[in-house]
Amino acid sequence: MSESITLQVNGASRALNVAPETPLLWVLRETLQLTGTKFGCGMALCGACTVHLDGIPTRACITPVGAVGARAVTTIEGVTGEGSAVTVARAVQDAWVAQDVAQCGYCQSGQVMAAVALLVSNRSPSDSDIDSAMQGNLCRCGSYPRIRAAIHAAAQQLTTSPDATPPAADASPTRSR
């Protein structure tokens, strides 16, 4: 049964009439036409559907829209504009292109969202930090070495750029598995 639900998506309030058990992924893709977030496995195993809920990487395929509440939903489409996460996202996207990370590209929005969450909280990640933060995002093409190189390049850009903004005190994403 449908209910009136209001979500904060990419900085905008969105009133919806959907069943609360509907996966957030379907609301984003089908109702709001934000198709950058991908459906992969549907079981939170591949990370293609990664979005941020209040800056924390979250699998949209298993998150009921009724459980989102007042938390801010950020999709790959939402990491544009201004702000600390946007500065990080821009560095990640630039590094992705420079390192030629994408092969088939299907997992890339989830990979980028996970990388942004990592770099918002840790501007100087070790290989171990990267492996830990990215382990839930699978790439069937096997571009992991380039993903790691791109994250290091983005971190380098963020620490040397005069425009780099330090991470917000409340932006400390943790990984949920």
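The model is predicted.

I will start with strand β3, residues 50-53. Which way do its side chains point? T50 and H52 point one way, and V51 and L53 point the other way. All four residues named there are buried.

Next, the partners of β3. On strand β4, residues 56-59, the pairing with β3 is antiparallel, with four bridges joining them. If you want a place to look, find L53, which stands opposite I56 in β4. The two strands form a hairpin, with two residues between them. In that turn, D54 has a positive phi of about 50°.

The other strand is β5, residues 72-74, which pairs with β3 in the antiparallel sense over two bridges.

Now the helices. Helix α3 spans residues 108-121 and helix α5 spans residues 144-160. How do they pack? Their axes are 11 Å apart, at an angle of about 40°. That angle makes α3 oblique to α5, because angles under 35 degrees would count as roughly parallel and 65 to 115 as roughly perpendicular. The crossing of α3 and α5 is right-handed.

Which residues meet there? From α3 there are Q111, A115, L118 and L119. From α5 there are I147, I151, A154, A155 and L158. Sorted by class, this contact has eight nonpolar residues, one polar residue and no charged ones.

That is the end of my part.

Technical notes:
Residues numbered from 1 in each chain as written. Predicted model: local features only at pLDDT ≥ 70, side-chain atom pairs only at ≥ 80, totals over all residues. Heavy atoms only, no water. Axes fitted to C-alpha atoms, helices over the stretch in contact; angles between N-to-C directions. Parallel < 35°, antiparallel > 145°, perpendicular 65-115°, else oblique. Left-handed = near helix turned anticlockwise from the far one by under 90°. Contact = heavy atoms within 4.5 Å. Nonpolar A, V, L, I, M, F, W, Y, C, P; charged D, E, K, R; others polar. Buried < 20%, exposed > 50% of the residue type's maximum accessible area, 1.4 Å probe, protein only. Pairing = 2+ DSSP bridges.
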